[in-house]
Amino acid sequence: MSTPGEVPERISFPSTEEGVLSHWKDIDAFHTANKLSEGRPVFSFYDGPPFATGLPHYGHLLAGTIKDTVTRFAYQTGHHVPRRFGWDCHGLPIEFEIEKMLGIKSRDDVLKLGIDKYNAECRKIVMRYSKEWETVVTRLGRWIDFENDYKTLDTSFMETVWWVFKSLHAKGLVYRGFRVMPYSTACTTPLSNFEAGLNYKDVDDPAVVVSFPIIDAEEPASFLAWTTTPWTLPSNLALCVRDDLDYVYVADHKSGNTYVLAESRLVQLYKNPKKKKGFEILRKVKGKELVGLKYQPLFDYFKNEYGERAFRVLSDEYVTDADGTGIVHQAPAFGEDDYRVCTTNGIVDLGEDLPCPVDDDGKFVDPVVDFAGLHVKEADKKIIVELKERGRLVKNDSLNHRYPFCWRSDTPLIQRAVPSWFVNVTAIKDKLVANNKETYWVPGFVQHNRFGSWLENARDWNVSRNRYWGTPLPVWTNDETGEFIVIGSVKELEELSGRTGITDLHRDSVDDIEIKSPKTGAALKRTSEVFDCWFESGSMPYSSVHYPFEKDSEEQFKHSFPAPSIGWQPHEYRCWFYTLMVLSTALFDKPAFKNCVVNGLVLAEDGKKMSKRLKNYPDPVHVLSNYGADALRLYLVNSPVVRAEPLRFKEEGVRNVIKDVMLPWFNSLRFLTQNVRALDKSSGVPLKIADASKHEKHKNQMDVWIESALGSLTAAVHEEMSAYRLYTVVPKLLSFVNSLTDWYVRLNRPRLKGMGTEEEQRAALGTLAHVLLTLAQLMAPFAPFFAEYTYQILKPVAPEELQSGSVHFLMLPEVDTSHVDKPFEAAIEHMKAAIVLGRVGREHKEIALKQPLKEATVIHRDTSVIESVRSLEMYVRSELNVRTVKYSSDESEYVMLKADADGRVLGRKLGKDFKTVHKAVRALKPEEVLKLESQGELEVAGHILTSSDVKISRELKEEFKTCGDLQVETSSNGLLVVLNMVRDEDLVNEGTAKEMINRIQKLRKKVNLRPEDKIEIFIDTEDASLLSVMSSKESVFRDVLNGCIPLVISEKAEEAVEIAYESVEAIGEAELKVCLTKASVAPSTARIQELVSGNQRAAQAISAYLRCRDLKCLNVEKKEDGMLESVDVAVTVDGEVRCCSVRIGKELFLCTADRVAAGAPL
């Protein structure tokens, strides 16, 4: 064993982390760790792959931090944790980049360019920022394999996606259907329902009421329909009412027309229908009486084709009177309910082509010639103008409402009928719900409320997209006969097509491959769609290992499925979590994962989405470079975001982690190493962590407490992390760092610095070293860099079983409750509470902590609390700087108990009785309030109230609010501390002495002196009160300054080597300078002069000779008991040798203070 590593006075955490990264690189830490863990149980973790076309943002850093924390914990609890990075390479993000770059506006532009050239451009950019990703992820401290990564564009990955789809088809879970789907005109593709819910915005849309004149009516009348999508009106084929709603014929006074609408929706036309101004109700009918009536079409575009069966009133339960007119216009190609109602009533045929005059780009085409070439959203205004000219526009308003936008292009979605391939999710809905119950989520409400509800309402999944850069659907079909086959592997495709050497499965490589039908001999061509990229994501557990094609994939899959853990953002419950669950349930009737950690969104400080354009957030690289990864990691995982709540990112928050956690942790390590090195130097015996147990009987209460707290912390880390509750375990870790630095080290400082016996110092330093080393192990998953730094510093004093290349190779400390003493931990908390209250009292009176006070009284009605504080009284006295501490259990002497009803709780519970009870609660006597608090319930005004129904407070009695001699502080748990603020001259002088010590210590720190450096201190002042304090409070100086007492400047020898001589902060109005010199022996030149017959030059030469030498190097005579007696000295002065025997304690002293104490002159 050797001395621990040297810790600098100041630290740059980013620079230190760079050094740790170099160390990890030198020892190939990640791969070495994996080799060491081979043969252990496998812990798999699904890592949702990012796109490399953009740089990582805080959402990625958060997810990466959580994943790294969980996997490091798994490794350090005895698992083998393979971690591969993955890349999402397909889909719209890449296609958008290319289309912007090439100026592509439509599908025709792509076909004109050629899918092969289009995909080649996509392939070029998919890994654009992969190196930047690797740099940032590595800098974050995340251990993951970039060399053995997987990519969704790899043929091996795509082949497994084909296998998944064929397996679903074999189970009867795949079909082709014609359905109205959310559709992105910018991306020219339908979206799944869960994708459509990802990006809602508040927008203003037109809201028009349109008239539909009834044909063959007894008297002229028109149906009124309301819509916010005027662009769908050219495709109108029907109107829909509800059977049981009341409808009215109303004569409109302003227009002279008769309108039909729901009675409850008259408000759509008239501000206050109850006043019946502006209209007259002619008659009332039920909705079912309107069914079958025919009306004049708005436009004639589809009159010839559908005129015989369309343009009539239908009825359905989906119609409500929540808004509009109670009559809904039907455009079957642009509304899911419209399509259902129109097919059910024979307006259009199921599965047939629909009247859909809108192309893939969202522009009108034939037969809607009046608006041809206009995008549907652009056409709204012109359609409204046309309706007005035709006399069919009754009302034209706008409506602000929530509307779905494409999550990729950020453009409005429309509903559009498209032929698509579906997974029959509804057929396995019950299994999905059951498998969800087999999983564990953090936080739990996402599993049961959000995800559970989503599964219970699951609909069939549209897995096809009309795009180009993606995994092609492995479906070969004959459009004339409808025959199709599904391919499940490259080998199968080669066998059926006769083409060999297929190495790529993208559209440009497989679209031209034809298959001869094994059944009919007909030519089959591949359908043009590609997979929804979420289908690829849901296939990730299988595709990433090329299951079931690779030799070892079966074994690999068996050990990693279902995955023990997964994590991502809250909206993923509708995306990745959902698709994983659907495919694993469909394939294996199992959930894909066992545990799921859901994090919230990271927003800008202003609560808005982080935006590069707005520059409303600090660059992640800037934060990592300025504060380090550990601070950022701890800030993220100790925030609401790990409870699936949003986090407003503040750079100040990361800075506070440095101030409140990292620096105190570092200072404790530095303090330890400084004192260990000083002990090693002074004793010649290196400290070992084992010294803590070797000197067990020399431990004090603080040693016992911190070891108990460490045992409790270790148990909590194991328990909470095993349940994936990062939001509970991280606060416990940070609280322990605070307890260690703010309480243990400070209260134990004298023992740690060696002001007691050597055995006591070894016990204290050994305990602190053990605690810091264990803390490094516990913090390793959370703050991997400084945990490593701490471990490497302490490794030389660590026991053999903890010797390793990295702290991350070690297992977490096992739970050991043998040192845990919960009652004593509680006692310490009571002591801490008393100290904090006392400090607050001083602050209120503006009396510095250095100023001693006569007395503090600790009061609590629970005597066990009193005894807890009494058992630790020496720390209370020291920390509050009071001479004596008294105790009392009678709080009524100082405070009055008051109660007030909790309105939010009791208001709901009591209703109209609340006012009476509230008044009675406020009138309760102090003894009644005490009874309620102690017994937990009390009858008040005829109602039994519990302590949770009432807010109890303690209010100082009036006489103490204005009393200058006593300061009373109270806490919410009933603890009181009363400080006696009266100070006599002795107390004032002691306070002055501590102020002087403060100035001395600040100067020591300024000139970088270490605790073990031997110095002498001189005070230069003309203030008589300071000089008086120096003599009267010598013991105070000696206790705090490790035996060293300050002397007046006149006692400093001219030959003394000055380290510093500076003016320091005045004490009150007294100015002073402090001089620090190197320690040396202190000869009395005047007395030596007597030994050399009054020869002043000889005496000065002898003094100078003695002052610059160590006594060990001199010819020292010793007494029989070993005490130093005299030093024989010979010097040559003016050519003459002068010899004398200088006596210790007479002419020569070990320090200046000894000379002054002996009354010997300079």
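Biologist: By class, how many nonpolar, polar and charged residues does the lining of the largest cavity have?

Modeller: The lining has 8 nonpolar, 4 polar and 6 charged residues. Ala, Val, Leu, Ile, Met, Phe, Trp, Tyr, Cys and Pro count as nonpolar, Asp, Glu, Lys and Arg as charged, and the others, Gly among them, as polar. Keep in mind that this is a predicted model: local features need pLDDT of at least 70, side-chain atom pairs count only at pLDDT 80 or more, and totals for chains, interfaces and linings use all residues. Residues are numbered from 1 along each chain as its sequence is written, and side-chain values use heavy atoms, with hydrogens and water left out.

Biologist: What counts as a cavity, and which residues count as lining?

Modeller: Rolling a probe the size of a water molecule over the atoms shows where empty space is left. On a 1 Å grid over the protein atoms alone, a cavity is a set of points where a 1.4 Å probe fits but cannot get out; lining residues have an atom within 4 Å of a point. Grid points are joined across faces, edges and corners, and the volume is the space filled by probe spheres set on the points. Here there are 4 cavities of 30 Å³ or more. The largest holds about 140 Å³. It has 18 lining residues, and the closest to its centre are Gly 91, Leu 92, Arg 465, Phe 531 and Cys 533.

Biologist: Which elements supply at least two residues each of that lining?

Modeller: Helices (H or I, at least four residues) and strands (E, at least two) are DSSP runs, numbered from the N terminus. For the largest cavity, α4 (92-102) and β23 (530-531) each supply at least two. The largest share, 3 residues, comes from α4.

Biologist: How much space lies in the second largest cavity?

Modeller: About 110 Å³. Of its 14 lining residues, His 60, Gly 64, Phe 85, Trp 133 and Arg 142 are the closest to its centre. Two or more lining residues come from each of α3 (58-75) and α7 (130-139). The largest share, 5 residues, is from α3. By class, this lining has 8 nonpolar, 3 polar and 3 charged residues.

Biologist: Now sheets. In what order do the strands run in the sheet that holds β28?

Modeller: Strands of a sheet pair through backbone hydrogen bonds, either parallel or antiparallel. Two strands count as paired if DSSP finds at least two bridges between them. This open sheet of 4 strands has the order β29-β28-β35-β34, with mixed pairing. Its edge strands are β29 (882-888) and β34 (966-970), each pairing on one side only. From one strand to the next, the twist averages 20°. Angles run from 0 to 180 degrees between N-to-C directions, and axes are lines fitted to C-alpha atoms, for helices over the stretch in contact. β28 (residues 853-859) and β35 (residues 976-980) pair in the antiparallel sense over 5 bridges. In β35, Val 978 is the bridge partner of Thr 857.

Biologist: Which strands does helix α30 lie across?

Modeller: Contact means heavy atoms within 4.5 Å. Helix α30 (residues 822-845) lies across β28, β34 and β35, at about 130° to β34. Helix α31 (residues 863-870) lies across β28 and β29, at about 160° to β29.

Biologist: Is Thr 188 buried or exposed?

Modeller: Buried means under 20% relative accessible area, exposed over 50%, and partly exposed in between (1.4 Å probe, protein chains only). Thr 188 counts as buried because its relative accessible area is 5%. Its phi is positive, about 50°, although Thr 188 is not a glycine. Asp 410 also has a positive phi, near 60°. Asp 410 is partly exposed, at 39%.

Biologist: Which peptide bond into Pro 367 is cis?

Modeller: The bond from Asp 366 to Pro 367, with omega near 10°. Pro 367 sits in the loop between α11 (336-344) and α12 (376-389). The bond from Tyr 547 to Pro 548 is cis too, with omega near 0°.

Notes
On a 1 Å grid over the protein atoms alone, a cavity is a set of points where a 1.4 Å probe fits but cannot get out, and a pocket is an open set with protein on both sides within 12 Å along at least five of seven lines; lining residues have an atom within 4 Å of a point.
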